[in-house]
Amino acid sequence: MLLNSELRAQAREQLDGKWGTFVLMTFLMYVISAILQIPGSVGDLLKVLSPENMLASESMSSISVVLSLLALPLGWGLTVSLLRNHREESVDIENLFDGFRRGRYVRVFCALFLVNLFTFLWALLLIIPGIMKAFSYALTPYILLDEPELTAKQAIARSSEIMQGRRWKLFCLYLSFIGWGILSVLTFGIGFLWLLPYMNASFAAFYEDARAEYEAENSIEQ
């Protein structure tokens with residue numbers, strides 16, 4: 001497989017001249033996510049101002065949780081847009097909402113919900129297994145795009161297959177962005193508008209490389 005420095009270099013090359021589009025997509029995703037959290041914030045305020053309205057407060061918080069879950073495909077739209085860009089396909093702002101298109105939403109939602117659920121359940125046992133599973137499931141969003149015939153659970157299983165022996169490399173790729181993450185925090189989060197596309201473009205490059213290696217290995221075995 002390519003070195004992580006090479007994957008990041010590919011990401012920068014593919015983002016050259018297109019930063020504006022992906023920064024705007026990231027900004028829209030943050031704004032929409034923040035709007036979905038408003039009911040929860042109102043609920044917290046009610047809890048402080050009117051403790052007797054606990055039921056209303058809990059209801060508002062629950063609404064935020066449900067809305068956030070229903071919006072899971074929003075992040076998928078950004079993730080696969082950067083994969084399409086890596087493949088030099090045309091990408092526009094509206095692609096952020098690809099996960100909500102008819103015939104796609106239920107499958108994407110179910111897959112991402114199951115990924116979060118399985119990761120959470122594994123993390124309840126021990127933190128390390130939870131982290132390992134998170135990396136095993138990391139390619140699920142891309143597989144949902146490339147193999148539309150697979151069900152949500154099959155896409156998760158395929159991700160786990162491809163990630164066998166490659167989880168450490170992806171972990172190291174994540175770690176390589178820690179410095180940028182710290183700088184983004186120091187900019188009061190503004191830097192994440194550029195860091196998130198950079199990271200996702202690098203992960204898209206990782207997927208392409210891992211998938212090619214996986215398919216080559218399986219073709220030799222057959």
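Q: At what angle do the axes of helix H1 and helix H5 cross in this structure?

A: Two packed helices are described by the angle between their axes and the distance between the axes. In this predicted model, helix H1 (residues 4-15) and helix H5 (residues 72-86) have axes that cross at roughly 85 degrees and come within 9 Å.

Q: Are H1 and H5 roughly parallel or roughly perpendicular to each other?

A: Angles of 65 to 115 degrees count as roughly perpendicular, and H1 and H5 are therefore roughly perpendicular to each other.

Q: Which residues make the contact of H1 with H5?

A: On the H1 side, the contact is made by Gln10, Gln14 and Leu15; on the H5 side, by Leu82, Asn85 and His86. By class, the residues of this contact comprise 4 polar, 2 nonpolar and no charged.

Q: How many aromatic pairs does the structure hold?

A: A pair of aromatic rings is described by the distance of the centres and the angle of the planes. The structure holds 11 aromatic pairs. One of them joins Tyr142 and Tyr207, with 4.9 Å centre to centre and 20 degrees between the planes. The pair counts as stacked because planes under 30 degrees apart are classed that way.

Q: Which parts of the chain does the pair of Tyr142 and Tyr207 link?

A: The pair links distant parts: Tyr142 lies in helix H8 (residues 140-146) and Tyr207 in helix H12 (residues 192-221), 65 residues apart.

Q: Are Tyr142 and Tyr207 buried or exposed?

A: Tyr142 has 3% relative accessibility and so counts as buried. Tyr207, with a relative accessible area of 0%, is buried.

Q: Which residues form an aromatic cluster?

A: One aromatic cluster is formed by Phe135, Trp168, Phe171, Tyr174, Phe177, Tyr198 and Phe203.

Key:
Residues are numbered from 1 along each chain as its sequence is written. This is a predicted model: local features need pLDDT of at least 70, side-chain atom pairs count only at pLDDT 80 or more; totals for chains, interfaces and linings use all residues. Side-chain values use heavy atoms; hydrogens and water are left out. Rings of Phe, Tyr and Trp (its six-membered ring) pair if their centres lie within 6.5 Å; planes under 30 degrees apart count as stacked, over 60 as edge-to-face and the rest as tilted. Helices (H or I, at least four residues) and strands (E, at least two) are DSSP runs, numbered from the N terminus. Buried means under 20% relative accessible area, exposed over 50%, partly exposed in between (1.4 Å probe, protein chains only). Axes are lines fitted to C-alpha atoms, for helices over the stretch in contact, and angles run from 0 to 180 degrees between N-to-C directions. Angles under 35 degrees count as roughly parallel, over 145 as roughly antiparallel, 65 to 115 as roughly perpendicular and the rest as oblique. Contact means heavy atoms within 4.5 Å. Ala, Val, Leu, Ile, Met, Phe, Trp, Tyr, Cys and Pro count as nonpolar, Asp, Glu, Lys and Arg as charged, and the others, Gly among them, as polar.
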